[in-house]
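I opened this notebook to record what I looked up on cavities and nonpolar cores.

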Amino acid sequence: MRSGQRARAQASAITPGRRSPETEPAPADKVRALFGGHRLSPAQRRIAQYITDHLTEAAFLSITDLAERVGVSQPSVTRFATSLGFTGYPALREALQPIALRAVAGSPGTGQADRSNELQAAVDAEIANLESLRRVFADTDRVLDLGRELARSVPLTILGLRISVSLAEYVAYAAKRIHPDVRLVSRGGTVAYDALLQAREAGGTWVLAFAMPRHANETLAAIRAARSTGLRVALITDVTLGPLVEEADVAFTAGTGSRLVFDSYAAPGVLSAAILQAMADADPERTQLRLEKYEQAAEQHAFFLD
């Protein structure tokens, strides 16, 4: 276990009868979750970074002052707010101010009356991640559009390396029930490149990739390899900025729980299930036919206890 994770293991240890001094995700994490699931332009990324780094100040700035401090135009700030699903900058600022006030209240020297233990704090963090994902789902067209694209890609490649293998395997297993040709890539390097090239030569058009922390260089290399073969990439990750998102054609952000020694994936799991639903909705007749065949085979071979 690397030193950072060892410290995390010690900090998140479950201690009976002891109360944790933290009740919810750090304010910066909550702000990043608020920005999650949205493709941002370079100017918008600068706005997001400034707000994250200067939350207690930025949450109370006028649109003029914020634009001046970031070095962008006022319309850029407005577009940034609307791209996140707000009606305008005042609505975004209204959402940020309670987070900023909690940051001030939770700073050293101030008390917190409502405390929880380590396991409850981990659940609280995942609830915040799910609330952020709920905001992403306000625009159902993005999910439905991606579902149609993935459903039309034959074969469809699902990519997940290292810690992301579990999510990729779940989606690949389920997708095979409703899609005629699903290929799982769970190894990097030349193995991944060969599989991606073969998928493209077979007529595939899309890769659904997963990138959970810690983000591996080989995941970025595999995504770039997919793009080099002519495949388009849909990415599910926990970050809104960075090279992984920049390389993807479509990116959805779902926060991971990081309060325990190993991450938890409530929001990425729900997002994955939503994309599978969108794939099923894209071709309901094919979905129904394939599910019926699967159920018949399951009954014939007694796959399940119930």
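**Entry 1: cavity.** I counted one cavity of 30 Å³ or more; a cavity is a set of points on a 1 Å grid over the protein atoms alone where a 1.4 Å probe fits but cannot get out. The volume of the largest cavity is about 30 Å³, taken as the space filled by probe spheres set on the points, which are joined across faces, edges and corners.

I noted that this is a predicted model, in which local features need pLDDT of at least 70, side-chain atom pairs count only at pLDDT 80 or more, and totals for chains, interfaces and linings use all residues. Residues are numbered from 1 along each chain as its sequence is written, and side-chain values use heavy atoms, with hydrogens and water left out.

**Entry 2: lining.** I found L161, R162 and T219 among the residues that line the largest cavity, where lining means having an atom within 4 Å of a point.

**Entry 3: T219.** I placed T219 in helix α12, residues 217-229 (a helix is a DSSP run of H or I, at least four residues, numbered from the N terminus). T219 counts as buried because its relative accessibility is 5%, and buried means under 20% relative accessible area with a 1.4 Å probe, protein chains only. Beyond four places in sequence, T219 touches L161, F210, A211 and L244, with contact meaning heavy atoms within 4.5 Å.

**Entry 4: core.** I recorded 31 residues in the largest nonpolar core, with L150 and F210 among those having the most contacts inside it; such a core is a set of buried Ala, Val, Leu, Ile, Met, Phe, Trp, Tyr and Cys residues joined through side-chain atoms within 4.5 Å. Helix α14 gives the most to this core, eight residues.

Definitions and conventions: On a 1 Å grid over the protein atoms alone, a cavity is a set of points where a 1.4 Å probe fits but cannot get out, and a pocket is an open set with protein on both sides within 12 Å along at least five of seven lines; lining residues have an atom within 4 Å of a point. Buried means under 20% relative accessible area, exposed over 50%, partly exposed in between (1.4 Å probe, protein chains only). Helices (H or I, at least four residues) and strands (E, at least two) are DSSP runs, numbered from the N terminus.
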